[in-house]
Amino acid sequence: MNKVILHPRREYATVHHHPWIFSGAIRTVSGSPGIGETVAVCDARGTCIGHGSWSPSSQIRVRMLSFVPDEVPDATFIRKRVAESVARRGAFLARGATNACRLVNAESDGLPGVVADFYNGVAVVQLATAGAEFWKDEIAAALMESVPGCTGVWNRSDVDSRVREGLSPETGLLAGAEPPELIEIYEGTIRYLVDVRKGHKTGFYLDQREARATVGSYAKGADVLNCFSYTGGFGLAAQAAGARTVTHVDASADALEIARRNAELTPNSAGAAIDFIVADVFKQLRLYRDQGRQFDLIVLDPPKFADTKASLMRATRGYKDINLLAMKLLRPGGILATFSCSGAVTPELFAKVCAEAAFDAKRDMQIVERTRQAADHPVLLSFPEGLYLKGLVLRHSFCGKCQM
Ligand code: SAH
């Protein structure tokens with residue numbers, strides 16, 4: 001079998017079960033592994049410590065699949081990994097609070113580069129790495145077999161990061177029946193239409209499920225501003241929880257059109273007035289500032305501002321700007337639910353950026369709650385990079401002018 005031997009000074013992470021091996025950590029490669037093929041990984045003394053997938057064009061040259069030296073990953077191994085990952089979500093789905101969840105969360109579920117989400121009978125996969133692509137047919141077959149009620153597997157492997165792996169984008173049916181144009185899912189009383197062909201990621205942001213419920217708990221009677229709304233997300237949770245008004249703002253008219261339909265499907269017992277604004281959030285917040293508009297609850301859930309550590313400076317400026325503007329639009333005692341899905345931005349850095357925004361906005365804010373990606377998006381302890389989504393629920397508490 002093809003084999004890589006690690007550099008003596010760079011073997012620590014792999015020996016401690018970190019799944020990524022960077023090119024600089026490899027001393028020698030014996031054999032000529034093909035793209036995505038399995039290689040044996042040995043420590044500097046030549047002792048096998050496990051097996052991983054070969055990514056010849058990526059800086060992350062090997063992604064570990066197993067740390068059991070005599071377990072050589074094959075089709076049966078991959079199918080079992082998928083089935084185990086699905087089984088871990090069994091009890092959650094059986095509770096019936098939703099019919100959509102993440103089934104496979106990549107490295108943290110022992111399947112690097114593989115994401116699979118379930119939307120009311122349809123599994124949608126995103127294969128981001130050479131190894132994930134190599135095992136595509138086994139992954140699709142295993143999902144059909146192991147997911148109760150699975151009618152088809154749709155491929156949404158059109159992520160930009162595939163370029164780094166020497167892969168081109170791919171979408172289409174992998175197994176079973178074609179999915180409907182829009183799939184209806186529910187989270188409690190909230191209804192969403194999901195477009196798995198053209199929607200973001202695999203179609204929807206399942207990772208914010210718990211944070212949406214948290215935001216809902218502050219929404220009764222509130223004037224809510226839902227920035228970066230996508231198909232409604234947090235604003236629908238606020239609507240269902242009895243908000244007075246909900247204003248959704250997003251740059252995408254298509255996403256807001258689905259948000260409008262979702263708002264009609266979701267309960268609105270308080271008769272909230274609902275607005276959909278196609279606009280750039282950076283500009284819209286300034287417009288509201290100039291108009292003197294105020295809100296009780298503001299949500300900021302922007303897209304990833306930082307892809308890499310190099311883009312961190314620009315990202316922190318972006319986070320500071322929108323948070324500062326939003327804090328100024330809060331009524332006394334108002335709530336700001338603010339999020340960052342940039343993996344390069346740590347929870348500490350995010351809190352620091354928010355603190356600077358509060359200082360410049362002349363608002364004293366309290367952290368009331370912290371949120372993270374939902375429980376069906378677990379993080380392997382040996383892979384802290386798996387924690388990408390963090391949120392702060394901040395309350396405007398007191399300031400020089402308005403003691404409360
Ligand atoms: N909160 C949503 C997910 C938000 S995803 C949920 O819970 O489902 C980020 C959204 O930001 C996308 O819908 C994208 O269209 C939008 N977006 C990106 N840049 C923007 C900008 N500058 N102004 C307004 N919307 C923007």
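Select helix α9, residues 281-291, and helix α10, residues 312-328, in this predicted model. Their axes come within 9 Å and cross at roughly 30 degrees. Angles under 35 degrees count as roughly parallel, and α9 and α10 are therefore roughly parallel to each other. The crossing in which α9 passes α10 is left-handed.

Now show the side chains where the two helices touch. On α9, pick V281, F282, L285, R286 and R289. On α10, pick G318, D321, I322 and L325. Coloured by class, this contact of α9 with α10 has five nonpolar residues, three charged ones and one polar one.

Next, move to the sheet. Which strand order does the open sheet of five strands have? The order is β7-β8-β9-β10-β11, and the pairing is mixed. Strands of a sheet pair through backbone hydrogen bonds, either parallel or antiparallel. Select β7 (100-105) and β11 (170-176) to find the edge strands, each of which pairs on one side only. From one strand to the next, the twist averages 20 degrees.

Methods: Residues numbered from 1 in each chain as written. Predicted model: local features only at pLDDT ≥ 70, side-chain atom pairs only at ≥ 80, totals over all residues. Heavy atoms only, no water. Axes fitted to C-alpha atoms, helices over the stretch in contact; angles between N-to-C directions. Helix = DSSP H or I, 4+ residues; strand = E, 2+ residues; numbered from the N terminus. Parallel < 35°, antiparallel > 145°, perpendicular 65-115°, else oblique. Left-handed = near helix turned anticlockwise from the far one by under 90°. Contact = heavy atoms within 4.5 Å. Nonpolar A, V, L, I, M, F, W, Y, C, P; charged D, E, K, R; others polar. Pairing = 2+ DSSP bridges.
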